[in-house]
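Please look over the sequence and the model below. The paragraphs that follow go through some of its parts in turn.

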Amino acid sequence: MIAWLAVVLVGAGSYGMRFVPLLLADRWAPGPLMDRALRQAGTAALTALAVAGLRAEPLTATGGDIAVTGAAVLVGSVAAFRGHSLTVVVGAGVAVHAALSILS
Amino acid sequence: MSSATLPVDPRSVEARSIDPRSIDAPPRTEGAGATTLGARTRELRRGALAMAPIAAGYAPFALLVGRAAAASPEPVAGWAANFLVYGGSAQLSVSQLLTDGAALATVILTALLIQARLLVYSASLAPLWRHRPLWWRAAAAAVVIDPTWALMHARHARPGTDRELRAYFVGAVAALTSLWVVLVTAGMVLVTRIPTSATLDLVAPLALCALVVPQLRDRANLRAAIAAAAVVVAGTGLPTGLPILAAMAAGVLAGSLGSRTSTDGSPKRGTPR
């Protein structure tokens, strides 16, 4: 019962956070500065989630792990910057990590 | 201020002066036959195809979420969170905290802090969807999450009628939801057979990098990303969810520092008078 209560209340709160800004769209429109701030906040949130995920064990357990993870992320990021698809970005990063993990 | 409220004839001089990449550009008018069923079907497929690799990139994470749900006190509730919560990080935190015996208030607060970024996502989508009927916004709100937000911003930067944009959104959501649910379910069923691997743990962060890195060509976004990364690293040990909120605040502050804006704050593109 507790679990169901948690899921339902988290769901309701999540939906409220999603819907209220869309509901207020008729009455309130962000100015250009707010527009830019919202977009940058989104970029910052995704970056934060990515970095938080990279800091999880065992990706950064030792110095060697950090170096291997860093190399994999660098390769993936270069692929992303050059406009490759997500599949290529993830595949390239994973391949580098797997190869370096075997070699190290 | 952002978008014009009147529909724009694509043949007009004013319309040709609108940069179609501006998210402030209103959708093209839909005259008779302007958006055929074929065009909408194509957009539906495009949205699904654009989302498929992103969703596939989340596969290891989805399997982990399924494994955590299977281990929680109420696995069915953990599965129902696929639809009720619609956020993998929050789902995972709920399952893990319930398994650890955390207090109900702690479980709810932690998950909502993780989900707090959804306020920002919806607020940034609000200008794009302001002209849509309330029922559509109420339905679409349920599926606002990182990949749907990112894809919709990218899609709105390209030309398209309103119906095409909606079809694209529906295709993307259908692909994401179906793949996610199947993978979480698989994780619940295969709970004892999923290996732990550092390489698999890298998949979800790499998928997020694929979404973020292209945005870093903009200097303000680059500053925002650097600030956010620094805050997350410095915030190690804080309660789950707080570093992400702090990172968003730091990112906005860093992005705005040193930015030189025009009088309306938008890139200098042609707009109708």
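How many residues does the contact take from chain B and from chain A? It takes 86 residues from chain B and 69 residues from chain A, where contact means heavy atoms within 4.5 Å. This is a predicted model, in which local features need pLDDT of at least 70 and side-chain atom pairs count only at pLDDT 80 or more, while totals for chains, interfaces and linings use all residues. Residues are numbered from 1 along each chain as its sequence is written, chains are lettered from A and ligands numbered from 1 in the order in which they are written, and side-chain values use heavy atoms, with hydrogens and water left out.

The size of an interface is often given as the accessible area lost when the parts come together. Between chain B and chain A the buried area is about 6700 Å², and carbon and sulfur atoms give 76% of that. Buried area here is the accessible area (1.4 Å probe) that two parts lose on being put together, summed over both. On the chain B side, B:Arg137, B:Leu202 and B:Leu206 lose the most area to chain A, together 9% of what that side buries.

Chain B itself has 14 helices and zero strands, taken as DSSP runs (helices H or I, at least four residues; strands E, at least two) numbered from the N terminus. Of its 273 residues, 49% are buried, that is, under 20% relative accessible area, with exposed being over 50% and partly exposed in between (1.4 Å probe, protein chains only).

The largest nonpolar core has 77 residues, and B:Leu125, B:Trp129 and B:Phe169 have the most contacts inside it. A nonpolar core is a set of buried Ala, Val, Leu, Ile, Met, Phe, Trp, Tyr and Cys residues joined through side-chain atoms within 4.5 Å. Leaving aside residues up to four places away in sequence, B:Phe169 touches residues including B:Trp129, B:Trp136 and B:Met152. A second, separate core of 14 residues includes A:Val7, B:Val94, B:Leu98 and B:Ala111.

What about A:Trp4: where is its place? A:Trp4 is in helix H1 of chain A, and it counts as partly exposed because its relative accessible area is 31%.
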